[in-house]
Amino acid sequence: MTLRKNPRQAPPAAERAAGERPVSERAAGERAAPEGAASERATPEGPLLSIRDLRISYRMRGGPEPAVRGVSLDVAPGEVVALVGESGSGKSSTAHAVIGLLPRGGVLDSGRILFDGTDLATADPARLRALRGREIGLIPQDPTVSLNPVQRVGGQVAEVLRIHRLADRETAGERAVALLERAGVPQPAMRARQFPHQLSGGLRQRVLIAVALAADPRLVIADEPTSALDVTVQRRVLDHIETLTRETGTAVLLITHDLAVAADRAHRIAVLSQGRVVETGPARRVLTDPEHPYTQALVRAAPSLRDTRPAAARPSQPAAAEPLLTADALVKVFPAQRGGAPIRAVDGISLRLARGETLALVGESGSGKSTTARLLIRLADPTSGRVSFDGRDITTLRGGALRRLRRRIQFVPQNPYASLNPRFSVAEVIGEPLRAFGVGPRRVRAARAADLLDRVGLPSGMLTRRPAELSGGQRQRVAIARALALRPDLVVCDEPVSALDVTSQAQILDLLAELRRELGLSYLVISHDLAVVRQIADRVAVLRHGRVREEGPAERLLTAPTDPYTKELLAAIPGTRARVPGDEQYTASGRTPD
């Protein structure tokens, strides 16, 4: 198997979400920052944030491992500066050091972080607490670990206002609802009364955005703020952030793996590789005429709606393939909450998935994609309708028959970190399905785990590592290996690459395509990224409000849609302000320029 390898994988702690603990350590012998280059966007008052020769390392078993190696950059009031690069390049570590929220084991070795003249690298904890939320807002990447699971989301938004004395208890609740609405949360008054587990991943991300923007901070650090959002909500959120920068002079440090978002929204881009800034400049110039080989490789790896892969790598539906999975008139109604109306999440959906085929479900958050997938693979029971797998009605399977079905259908979750047991080694994670179904003795299971790890392109040395010691791309590969352990017929992938950088995305998509050819797998893919869907899917079903609005071959549907809603989704794709070299018809994200 031939796979493109990352030049460097992330230090494990560098991949973890921000906010675990404030920086409590600073290496002795810190040195003064050298004279650095000024911001490329001069302003009368100078930069609001100025980072000089920042160096960060993480304490590992074998000793400290450098993560950031002398980064310098400026962000002026009203400016958006995007940090782009692969996992482990130092993007998140740089951003989280600004507010003293490096993950466990992170050490700020040296450098200066000046915010409006105050060096945050040496600021005391009380000063940092006063700045967080009020002057500097953080939009973290992972809503699963960043929201309090036992507190209603409205209370978590209101808490920021109360802590910084911007509202009393009564008015804070009212303003929290308004902030949720501004962040793109539908039915904000109802959602404010819900707990995080009652919201989709996209809705949880929007709650975090509302929290970060609640106090109208002067600087917003946005760590992959829209990676879990569909394109229409993504556009609304980014429009709101852009309005802040234009009308209030808010500065934005944007961390993103989506080059199209950076092209659309950033004034300047800094490209990081192995902890160093390898290229910086105006966004259009960096992405349309990159100078550094690493930047050129990132641009080439960005997915596009135009299929530029060799013919052997493209999906091809077998002629007259027999159906593996069918759904007829599926309906799922959730009971009413707190006197509200029942929620009709799936409303009469019918689908067909052939053997060896990849079907993608796309649509906005709340369109019914994930609920439909759960019904299809019997992780939830339909209110009405019928599901058949390999010619057998599985709608009412129970007990042992349902358990046997599990061997033939496996699931790759959107967030592998949350789904991998943190106490298990990689070998135990991959072998867990084998042990659960009593497949072979321990020696056989260990050999199968090693073989699967090799099949997904990871070295055998990873077998003894824990999930926390892996990068995002590595964890996704482990999740795929685990899904393949029982040799299933169908693999369901829920946003399989939404949180990965473009190089890791390309590797995972290539891996899924190669596994499909080798093993004859069928895929059901849930995704909000239409460019990614174009790379992997044979057919696409567009969902809205629990119904199929349009269905057809991926090439036709994504280039010549007939339904107005599909056209709206395509029109919302970012990347319309810059064009990628060598792609004369499509932009960085794949949309035809106006």
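Me: How many of the five residues of strand 18 are buried?
Reply: This is a predicted model, in which local features need pLDDT of at least 70 and side-chain atom pairs count only at pLDDT 80 or more, while totals for chains, interfaces and linings use all residues. Residues are numbered from 1 along each chain as its sequence is written, and side-chain values use heavy atoms, with hydrogens and water left out. Strands (DSSP runs of E, at least two residues) and helices (runs of H or I, at least four) are numbered from the N terminus, and buried means under 20% relative accessible area, exposed over 50% and partly exposed in between, with a 1.4 Å probe and protein chains only. Strand 18 (residues 522–526) is largely enclosed by the rest of the structure, because the number of its residues that are buried is five of the five.

Me: Which residues of strand 18 point the other way from Ser522, Leu524 and Ile526?
Reply: In a regular strand the side chains alternate between the two faces of the sheet. Ser522, Leu524 and Ile526 point one way from strand 18, and the residues that point the other way, buried like them, are Tyr523 and Val525.

Me: Over how many bridges does strand 17 pair with strand 18?
Reply: Two strands pair if DSSP finds at least two bridges between them. Strand 13 (residues 358–362) pairs with strand 18 in the parallel sense over four bridges, and there Ala360 has Val525 as its bridge partner. On strand 17 (residues 490–494), Leu490 stands opposite Ser522 of strand 18, and the pairing of strands 17 and 18, again parallel, runs over five bridges.

Me: Is Arg165 buried or exposed?
Reply: Most residues other than glycine have a negative phi, and most peptide bonds are trans. Asp53, in strand 1, has a positive phi of about 50° although it is not a glycine, and with 10% relative accessibility Asp53 counts as buried. Arg165, in the loop between helix 4 and helix 5, likewise has a positive phi, near 55°. At 78% relative accessibility, Arg165 counts as exposed.

Me: What is the relative accessible area of Thr372?
Reply: Thr372 lies in helix 12 (residues 369–376). Leaving aside residues up to four places away in sequence, Thr372 touches Val346, Ile349, Leu351, Leu361 and Leu543. Thr372 is buried, and its relative accessible area is 0%.

Me: How much space lies in the largest cavity?
Reply: A cavity is a set of points, on a 1 Å grid over the protein atoms alone, where a 1.4 Å probe fits but cannot get out, and lining residues have an atom within 4 Å of a point. Grid points are joined across faces, edges and corners, and a volume is the space filled by probe spheres set on the points. The structure holds five cavities of 30 Å³ or more, and the space in the largest is about 350 Å³.

Me: Which residues that line the largest cavity are the closest to its centre?
Reply: Helix 8 (231–248), helix 9 (259–265), helix 18 (502–519) and helix 19 (530–536) each supply at least two residues of this lining. Of the 31 lining residues, the closest to the centre are Gln234, His257, Asp258, Gln505 and Asp529.

Key
Contact means heavy atoms within 4.5 Å. On a 1 Å grid over the protein atoms alone, a cavity is a set of points where a 1.4 Å probe fits but cannot get out, and a pocket is an open set with protein on both sides within 12 Å along at least five of seven lines; lining residues have an atom within 4 Å of a point.
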